[in-house]
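Visitor: I am new to this structure and would like to learn how to read it. Could we go through it feature by feature?

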Amino acid sequence: MADPEQTEIGGEPQLRFRNDAATDEPAVTLDAFLDGQTNATAVRLEAGDDARALLAHLDKLSLVEVSFPTFRDGRGYSAARILREGGYLGELRAAGDVLVDQLPLMRRCGFDSFAPEAEIDAAALNRALNRYDYRYQAAADAAVPVWKLRHG
Amino acid sequence: MYKYDQYDQSIVDARVDEFRDQVQRRLAGQITEDQFKPLRLMNGLYLQLHAYMLRVAVPYGTLDSRQMRMLGHIARKYDRGYGHFTTRQNIQYNWIKLEDAPDILAELATVEMHAIQTSGNCIRNISSDQFAGAAHDEVADPRVWAELLRQWSTFHPEFSYLPRKFKIAVIAADEDRAAMRLHDIGIQLVERDGQLGGRVFVGGGMGRTPMIAPEIRDFVTADDLLSYVEACLRVYNRYGRRDNIYKARIKILIHELGADEYRRQVEEEFVAVKALGIDPPKAEFDRIAAFFAPPAFDTASPTSLDRSDPDFAVWLDQNVKPHKQPGYAIVTISLKPIGGIPGDASADQIDVMADLAERYSFDELRVTHAQNIVLPHIAQADLHTVWQALTEAGLAEANLDLISDIIACPGLDYCSLANARSIPLAQKIATRFADANRQRDLGELKLKISGCINACGHHHAGHIGILGVDRKGTENYQLLLGGSGAEDVSLGKITGPGFDEDGVVDAIERVTTRYLAERSEGERFLDTYRRIGMEPFKEAIYG
C-alpha cells in the first residue's frame, strides 16, 4: 500500500490516500444538504446520521466527512461501506477521534482521507498499514479475501 | 478438526506482532490506558482486581492434544499452575503480567491458537455444541458453519467497534447443548427438502435484561450465510444504542424495534449485501467440511461393556453419553470436584486430559459452556482405562448435570465488576450436596451462579440460579427458579428476598426437599417447577 500524504490543512493534521486535489469547500450538514437549498458538494455525517440518505445524490458529492466523536463509536464504519457500495467514488474522510490502530479498519471500509484530532505517529501508522498480508473477508477496499486466494 | 493453512497462520502471526507493538506503545506512554483498553480487550486481556486476566480463544470449543498441552504450559510458565475454562468454551488465566502477554500470544500462535476477539465490543469466539461430530442427534457438524463465521468475523473491518459485545452460537441438533437462543445470534442447522440450512434467532442474551432470541429467518443456506449475518450486524451497528452501555446489546434493539421490523430491515439490507459477492464459494465450504470429516472409527469396536466395577458404572451412567458411531461413547470430564473451583484445571490435569485425547479420542477435546471438558470419541473398550486415568488425576467426579455440576463466574475473588463472591458459594453448595446418592436422586439440576447482574454465570438459565448483589455493602444472594438454557429455554424467576451465603444454601436445600415431595414419576426439578409453579417453593423457602 502506498504511503499516505501527511499534510496540514488550516493547522489541522490531515492524511490523504488520494491523488486528486483536496476539497476545500466547507462541509454542510446532512439536513442542510437534503433541504436542497444548497449547491454544496461536501457533506458532513454525524455518527447518528443515516448514510443511505445520500445514496440518491452521490454523483453530486466530492467529499463526505464522517464524524467519529469517540473512537469507540463504530457507526461510521458502516456509513463508509454503504457509500462505497452505493458507488461513491469521491473523497471519504474520517474526522475526529481517529487513532492509528483503527485506521487500517477504516481504510478497509472505504475511507481514503483522515482528519484526526491528534497527530498520528507516521512510523506506527506505516507499521499498522503494512502488517497484514491477508484478509479473511471482502470489504470496500481492494484486498482479495483469503477464500478467493484459496480457490481463485 | 480444522488446521491452519499459510493464510490463517500469517494472520495470527501478524496479530502477535500487532499486539506486541501496541503493548510497547502503551508501556512507552505513547497511548493512553483509555486508548489501549479496547485494543487489549480485543486480545482478551482484562485488568482484574489483582492482575491482568488473559482469555484464550478455543474456537467452538474444539482443540487437539498439542493445543491442550500448550494451555498447560502457559499455566505453568506464566500463571500459577492452573487455568479456568469459561462459559464461552474458552480458557482464562488470572495472574498474567502485561509485559508477558505478547510472548504468550506468540507461543499460542505456534499451535494455531490466539486470543483474538475474546473480549471487546466485537464478534466474540463462536460457540457450538460440545458434542459436534459425535452427537447421535445432529443433522450435520455445526463446526463447519462456525469456522466460516470465525474467519468472516476475524478483524471484521465494519464490526470491530460495535455498540456492545456480540456472541454467536451454532448448533445442529434439536437438543440444545449450547444455550443457542441466549446468544445475540443463534443458528440451528436443520434439513429441509434434503437441503441443509440454518434457522436464525437474533436478539437473545443474559446480562441485566435477559431475553430469549426470536426467530428472524427460518432458513438460510450456507452460501448466503455470511451475507445474511452481515446484514444482521449492519442493522445493529446502525441503530444499536451507544448512549447507554446497559441498553446497547442487540436484544434491546430488537425488543424496541420489534422482531418484524428488525427482520424487514435485515431482509432489505441482505438484498444489498448479497449483491456484493462476499460469500465464499462452495469449494471453501467443502474445504472446511473436509477437516471435520469423521475420524477413522473402528467399525468392529465392541458395543458391550463390563459394568462390574460399581464406581465405574456410576460414572458411566452419569458422564458418558451415546455416540453416533456404534461402539463409541462421548465422555464428559467434570471439572467440578466437590469443594473445588468450577472450571479450574491444573497444568498437570490439563496434560492428563491431553494425553488421554491423543491416545483414545482421535486427538480431540472439547470445552463445554458448562465449564467441563469432553473427550468426544472414546471406544467403549477403552472407557474403563480412561476412567481409571481420570480417577488418578482427580478428574472422575460423576456429577454431570447434577446439582454440584455448577456453573459459576469468577466473582469477587477475581472480577472487578462483581458484587459478590461466586466460588466459595459454589464450593459450599457442592459440599452440602456432596452425597453422591442424594445428588443422583435429585437428578438433572442445573445450578448457575453469577456474582453480579452481568450474568456471566448464566443464573437466568439455571434450573436454580443465584445472583450475587451488593446490599448496603454486604454480599447478598437472590435465588431464581425455573430457568433453562437448553431447547426448553426459559428465564428463571426470583423467589423473593435474598439471603446471605449460608442462607442461600439452606434455601436451596428447602427447594430440593419440596421438589422431592412434589415430583411425579420421571420429573426433573425443572418439570416439577413448571407444573406446580413458584408458590410451593416460596412457601418452602420463606415459610
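Visitor: Into which domains is chain B divided?

Guide: This is a predicted model. Chain B has domain 1 (6-109), domain 2 (127-289), domain 3 (310-392) and domain 4 (407-542).

Visitor: How far apart do the C-alpha centres of domain 2 and domain 3 of chain B lie?

Guide: The two centres are 30 Å apart. Contacts give another view of the pair: 9 residues of domain 2 of chain B meet 10 residues of domain 3 of chain B. On the domain 2 side, 5 of the residues that touch domain 3 are nonpolar, 4 are polar and none is charged.

Visitor: Let us turn to chain A. How many helices and strands does its secondary structure come to?

Guide: Chain A has 5 helices and 7 strands. Read from the N terminus, the order is β-β-β-α-β-β-α-β-α-β-α-α. The radius of gyration of chain A is 15 Å, close to the 15 Å that the globule rule gives for 152 residues, so chain A is as compact as a globular protein of that length. Its C-alpha atoms fill a box of roughly 50 × 35 × 30 Å along the principal axes.

Visitor: What share of the residues in chain A is buried?

Guide: Buried residues account for 41% of the 152. As for contacts in chain A between residues at least 6 apart in sequence, 51% of them link residues at least 24 apart.

Visitor: How many residues of chain B are in contact with chain A?

Guide: There are 36 from chain B, in contact with 29 residues of chain A. Helix H1 (6-27) of chain B is one of the helices that supply at least two residues to the chain B side, and H1(B) gives the most, with 9. By class, this side of chain B has 16 nonpolar, 10 polar and 10 charged residues.

Visitor: Which residues have the most contacts inside the largest nonpolar core?

Guide: They are Val64(A), Trp145(B), Cys232(B) and Met353(B), in a core of 204 residues. Helix H6 (residues 225-239) of chain B gives the most to this core, with 9 residues. Leaving aside residues up to four places away in sequence, Val64(A) touches several residues, among them Val43(A), Leu54(A) and Tyr88(A).

Terms used:
Residues are numbered from 1 along each chain as its sequence is written. Chains are lettered from A and ligands numbered from 1 in the order in which they are written. This is a predicted model: local features need pLDDT of at least 70, side-chain atom pairs count only at pLDDT 80 or more; totals for chains, interfaces and linings use all residues. Domain bounds come from an automatic or database domain assignment. Two residues are in contact if their C-beta atoms, placed from the backbone, lie within 7 Å. Ala, Val, Leu, Ile, Met, Phe, Trp, Tyr, Cys and Pro count as nonpolar, Asp, Glu, Lys and Arg as charged, and the others, Gly among them, as polar. A nonpolar core is a set of buried Ala, Val, Leu, Ile, Met, Phe, Trp, Tyr and Cys residues joined through C-beta atoms within 7 Å. A residue is buried if 20 or more other C-beta atoms lie within 10 Å of its own, exposed if 12 or fewer, and partly exposed in between; C-beta atoms are placed from the backbone. Helices (H or I, at least four residues) and strands (E, at least two) are DSSP runs, numbered from the N terminus. The radius of gyration is taken over C-alpha atoms; the globule rule is 2.2 Å times the number of residues to the power 0.38.
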